[in-house]
2 protein chains.
Amino acid sequence: MPILIDIRKLTIIGKLIQHGAKNVTDSLSTMANIQADIQIKSLSFVEPSDIPQEIGEGDHYHANIRLTEPPYGVFLMTFGDRTAHEIAGHMTGQPVEDGNLNQMHESALQEMCNILTSGFIDGIANTLGTTINMHTPELERSDAEVIADQTLSHIHSDSLSIVLDSVVDLRDEDTEFQLRIFLVPDPGAFVNLIDKLDIEEIREIENVAAAHDGDRAF
Amino acid sequence: MPILIDIRKLTIIGKLIQHGAKNVTDSLSTMANIQADIQIKSLSFVEPSDIPQEIGEGDHYHANIRLTEPPYGVFLMTFGDRTAHEIAGHMTGQPVEDGNLNQMHESALQEMCNILTSGFIDGIANTLGTTINMHTPELERSDAEVIADQTLSHIHSDSLSIVLDSVVDLRDEDTEFQLRIFLVPDPGAFVNLIDKLDIEEIREIENVAAAHDGDRAF
């Protein structure tokens with residue numbers, strides 16, 4: 001059965017993602033005192049069966065949460081060893097030696113995953129005018145196929161996955177973390193949420209937010 | 001009136017764009033003997049009224065064609081002075097001095113626009129199983145607002161624009177050209193074309209193409 005969306009509402013998906021990223025920026029600043037810009041480098045749509053290929057070969061760090069409220073589905077974040085070592089080193093002030101993370105490194109990575117995940121989901125939820133409760137994601141390291149198996153076993157094969165390549169760019173430092181984010185919502189619930197949104201309403205939210213931030217001259 | 005598309009068919013938009021980019025790679029090789037990889041760095045959806053902002057401030061080179069066959073609408077390509085000078089210098093073997101293009105440079109740029117535009121549109125058309133006849137795009141240089149005015153005056157304000165940031169990366173050379181592509185199809189005609197496509201059929205096209213290219217082991 002087709003799950004229909006007005007094609008002109010696709011602009012809203014972009015807005016949702018921008019707002020998610022903006023909220024991550026704010027969370028990093030308030031929760032971890034990290035001044036950073038988040039850039040979404042690419043957005044694409046793939047089928048869930050293509051996710052292992054999108055994650056890439058070899059082992060990756062990953063954290064996922066299953067959303068128990070609309071839009072349901074799964075939020076999955078993956079990153080490679082290099083980014084893991086950079087994050088852990090930056091957050092603890094102790095460089096990672098010989099690729100071995102100590103307990104402080106692991107806690108820091110876990111903390112970063114929590115901030116990124118909750119920041120992103122909360123940002124999307126705010127824009128949708130709702131809240132999305134969630135558990136804390138658990139950070140693991142596995143092969144792409146294993147990640148997909150574990151994470152997506154309950155997802156319908158005809159779901160849609162939104163794939164985001166994002167870069168967390170630390171201000172005043174020559175460091176950036178590269179992350180890949182997969183949003184695999186329940187297609188029906190997702191369309192239902194987007195249908196309720198109007199692009200003009202979103203612009204108003206943005207204008208209010210910008211006025212509060214003092215980014216614009218009013 | 002809503003123009004509805006099955007949300008799971010959004011994966012097809014990504015495929016269309018990949019095939020367009022792949023065809024540009026082939027065209028550059030056969031028509032200009034340039035070995036290059038085209039990467040689509042980002043895909044987003046915006047409203048036509050946001051296009052000037054997406055093009056960016058100041059003057060830009062631009063070439064556009066109006067499609068007189070489905071999906072109708074407009075194909076617009078923009079790039080900045082730096083990319084223009086790099087393309088012109090690379091194609092003529094004569095560096096651009098003091099930012100002034102000579103006639104050879106201008107012809108080379110025009111030629112590059114023709115290859116990129118026809119390559120991209122043909123690639124999309126092949127995947128759609130159709131042909132899209134087009135005129136030769138004329139290269140100009142104007143301010144973003146002027147470009148949008150000229151190009152989009154006949155476009156409905158509630159159309160959807162697909163924005164692609166793409167990079168033409170020359171193999172064996174440390175040079176890349178950054179281009180921005182705007183596809184502003186007629187929403188109804190676009191949905192109609194995509195509705196006829198099946199993701200499995202596209203996979204078959206890809207498999208056949210890959211077999212011909214010898215990229216896969218059969």
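Let's start at helix α3 of chain A, whose buried residues are T83(A), A84(A), I87(A), A88(A), G89(A) and T92(A). Keep in mind that this model is predicted. The cover over those buried residues includes strands β3 (59-66), β4 (74-79) and β7 (176-184) together with helix α4 (103-128), each from chain A. The length of α3(A) can be checked too: at 1.5 Å a residue, its twelve residues (81-92) should span 16 Å, and the end C-alpha atoms are 16 Å apart, which agrees. Just past the helix, G93(A) adopts a positive phi of about 75°.

Now step back to the pair of chains. Chain A superposes on chain B through a rotation of 180° with 0.0 Å of shift along the axis, at an RMSD of 0.0 Å. The two copies are therefore related as by a two-fold rotation axis. Within chain A, S42(A) comes closest to that axis, its C-alpha lying at 1.9 Å. Because 100% of the interface residues of chain A are also interface residues in chain B, the copies meet through the same surface.

Finally, look inside, where there are four cavities of 30 Å³ or more. The largest holds about 140 Å³ of space, and among its 16 lining residues P71(B), I124(B), L183(B), P185(B) and F190(B) lie nearest the centre. That lining is made of 16 nonpolar residues, with no polar and no charged ones. The second largest cavity has about 110 Å³ of space. Of its 15 lining residues, P71(A), I124(A), L183(A), P185(A) and F190(A) are the closest to its centre. Helix α1(A) gives the most to this lining, with three residues.

Note on methods:
Residues numbered from 1 in each chain as written. Chains lettered and ligands numbered in written order. Predicted model: local features only at pLDDT ≥ 70, side-chain atom pairs only at ≥ 80, totals over all residues. Heavy atoms only, no water. Helix = DSSP H or I, 4+ residues; strand = E, 2+ residues; numbered from the N terminus. Expected span 1.5 Å × (residues − 1). Buried < 20%, exposed > 50% of the residue type's maximum accessible area, 1.4 Å probe, protein only. Contact = heavy atoms within 4.5 Å. Least-squares fit on C-alpha atoms with pLDDT ≥ 70 in both. 1 Å grid on protein atoms, 1.4 Å probe; cavity = no way out; pocket = protein on both sides within 12 Å on 5 of 7 lines; lining within 4 Å. Points joined across faces, edges and corners; volume = space filled by probe spheres on them. Nonpolar A, V, L, I, M, F, W, Y, C, P; charged D, E, K, R; others polar.
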